[in-house]
Amino acid sequence: MIFNLKSQYSPAGDQPEAIRRLTEGLRAGTRHQTLLGVTGSGKTFTMANVVAEIQKPTLVISHNKTLAAQLYQEFKSFFPESAVHYFVSYYDYYQPEAYLPRTDTYIEKDAKINETIDALRHASTASLLTRKDTLIIASVSCIYGLGSPEEYQRVSMPLAVGMRMSVRDLTKKLVALRYLRNPLDPRQGHFRVWDSTMEIYLPSGEELIAVEIEAGKIISLTRHPATIGTHDSSALSDVRIFPAKHFVTPQEKLSLAVANIRQELKGQLAHFKAAGKVLEAARLEQRTNFDMEMLESNGFVNGVENYSRQLDFRDTGSPPHTLLDYFRFAHGDDWLLFIDESHATLPQVRGMYHGDRARKETLINYGFRLPSAADNRPLTFAEFNQKITQTIYVSATPAPYELQLSASRIIEQIIRPTGIVDPKLEVRPTAGQIQDVIREVKLRVIHGERTLVMALTKRLAEDIAEYLREAGINAEYLHSEIKTLDRPDILQKLRAGEHDVLVGINLLREGLDLPEVSLITILDADKEGFLRNATTLLQIIGRAARHIDGTVILYGDIVTGSMRAAIHETDRRRAVQEKYNREHGITPRQIIKDLQPSLITEEQHEYAPLDLNDPMSAGIIKELEREMKRAVKAMNFERAAQLRDRMKKHRG
């Protein structure tokens, strides 16, 4: 299993030298290096070439899910034969548990887990423990607790042809691994039995394993795509089944863990009673005892992560297990870390711990959680640095921190292989800026080009998008309230021409590869602050550096220090590229990049036509029909209609 790079292009411009120097540094054992690459210089391609040279498992950390999705698609196209995965927070919506003492308001944890992203996370950890050619693109969620990799590996179940195993025994083992029995509509982490065949839907969501058992022995193992109606399959001699949840405690350890939790409860109750906190003691006792009863009977409880320190038998104050520990458990220090857009990613990593700590302390002090819940947390920045290995910081605008760490190993990548120069910059007054934007956008629409409009707030972005639509422009907005998996689709639609304009705030900054964008308008560019400082302005300007006619209009009534610095640096980089083009006889050429498939293709297995001559497929139809009739009897007509429609699709 090796990283075999596939690309129609060869390194050009500054890329060959950057690849050589970065690889040289890694082989020499250099711990910190910085790739200072301007927008459009092919930093991702350089990173991929370094991975192909070094041949180590690799983690790429990005500061937002939208950029992570783009990187995932790019790396997947570079390494189609390798295990390239996407690891981000699996919540579509997340309201953390909290208590507000001033108003005596308890806010219960409320979250909606995206099953597709959860499957991608399981695929990541399973590959890490079984393959060396694993490359994971992650958000900063990789520094949050994930459960012990050692236990995840230890409780996993090996199966092999010829192994003694009954259907009953296999069912018990799967239930212990948190799989659910679902004969009607199985999904990832489910299983069902057809006669002597057990179908196990892997938590990764990609495949199912069919286990055929006769006379108490496994006689065949077959790997199938998890899509009904797809007939590609392969016979296996053996396979390892990983748990359906990352937080899994072996049954033999569960009783001891529960005893330890009860002992901690006893101590905290004594503390509360000595302090005269009767209400807090009663609250904590009731909540914890309920959770322990659920844990003992089911092996799992909602909010189980709050007991992770006790379930993992870790010391008080010790850091949680994270994705970084899966790398370390499987590969020691023999892996590689890229921190993409390091100027934005590292501050996120640095800031996660303190906000979480303040919220947890309030919950503990008022009897909502045991003290050990504080150890269900993100890593501190110091802990993060202790767990990482050789690191390459990647940014067009690296911060002083990473520049200082890698002072002797800063590799510049200024020249673009395409010869495209940095965009032309204009400063215009704010009066009538929206009408001016409309005029400029319509000029680009005529030539089939796209535009980004940068606003200051989410509501303003939505209002501007609506205003542009009323002016006859196909406009859409993009901000952090858009669901994770919808964001790449919006960007795809912009590139495909379904949208002419995208209005945004932060998500349209670092790293996004949008070669069709020829114009960027920055509204209120003279409002000094985080959204309009020199680094941010340079990153925004860079989004137009992939188009041969790239132009950026900054609307401001004064030229601020940040604007002046961004303009000066853009002009400097433009001059470097123009000089290189003259010396090498290069004529800038427009980047033409194929549209990649959507990050998440729509699940089709519910509606795929089935072969009705196949007994298993016929059984599915009968189960659906019985379920539909039960729904009608229960007067659940909406559910009945859904099942009816599915049967129609399955019958073709």
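Where is Gly-42 found? Gly-42 sits in the loop between β1 (32-37) and α2, where helices (H or I, at least four residues) and strands (E, at least two) are DSSP runs numbered from the N terminus. This is a predicted model, in which local features need pLDDT of at least 70, side-chain atom pairs count only at pLDDT 80 or more, and totals for chains, interfaces and linings use all residues. Residues are numbered from 1 along each chain as its sequence is written, and side-chain values use heavy atoms, with hydrogens and water left out.

**View 1. A close-up of Gly-42 and its contacts.** Gly-42 comes out as partly exposed, at 26% relative accessibility (buried means under 20% relative accessible area, exposed over 50%, partly exposed in between, with a 1.4 Å probe and protein chains only). Leaving aside neighbours within four places in sequence, Gly-42 is in contact with Gln-15 and Gln-413 (contact means heavy atoms within 4.5 Å). Look for Arg-416 too: its C-alpha atom is 7.3 Å from that of Gly-42, though the two are 374 residues apart along the chain.

**View 2. An open sheet of seven strands.** The order is β3-β8-β2-β17-β18-β1-β19, with parallel pairing (two strands pair if DSSP finds at least two bridges between them). β3 (83-87) and β19 (410-413) are the edge strands, each pairing on one side only. On average, neighbouring strands are turned by 15 degrees against each other, direction ignored (axes are lines fitted to C-alpha atoms, for helices over the stretch in contact, and angles run from 0 to 180 degrees between N-to-C directions).

**View 3. Zooming in on β2 and β8.** These two strands pair in the parallel sense over four bridges, β8 covering residues 134-138. Leu-59 stands opposite Ile-136 in β8. Helix α10 (residues 323-331) lies across β2, β3 and β8, and runs at about 165 degrees to β2.

View 4. Most residues other than glycine have a negative phi. Gln-55 is partly exposed at 23% relative accessible area, while Asp-524 counts as buried at 15%.

**View 5. Ser-372, a buried loop residue.** Ser-372 lies between α11 (342-365) and α12 (381-387), and its relative accessible area is 1%. Not counting residues up to four places away in sequence, Ser-372 touches Glu-264, Asn-306, Arg-309 and Gln-310.
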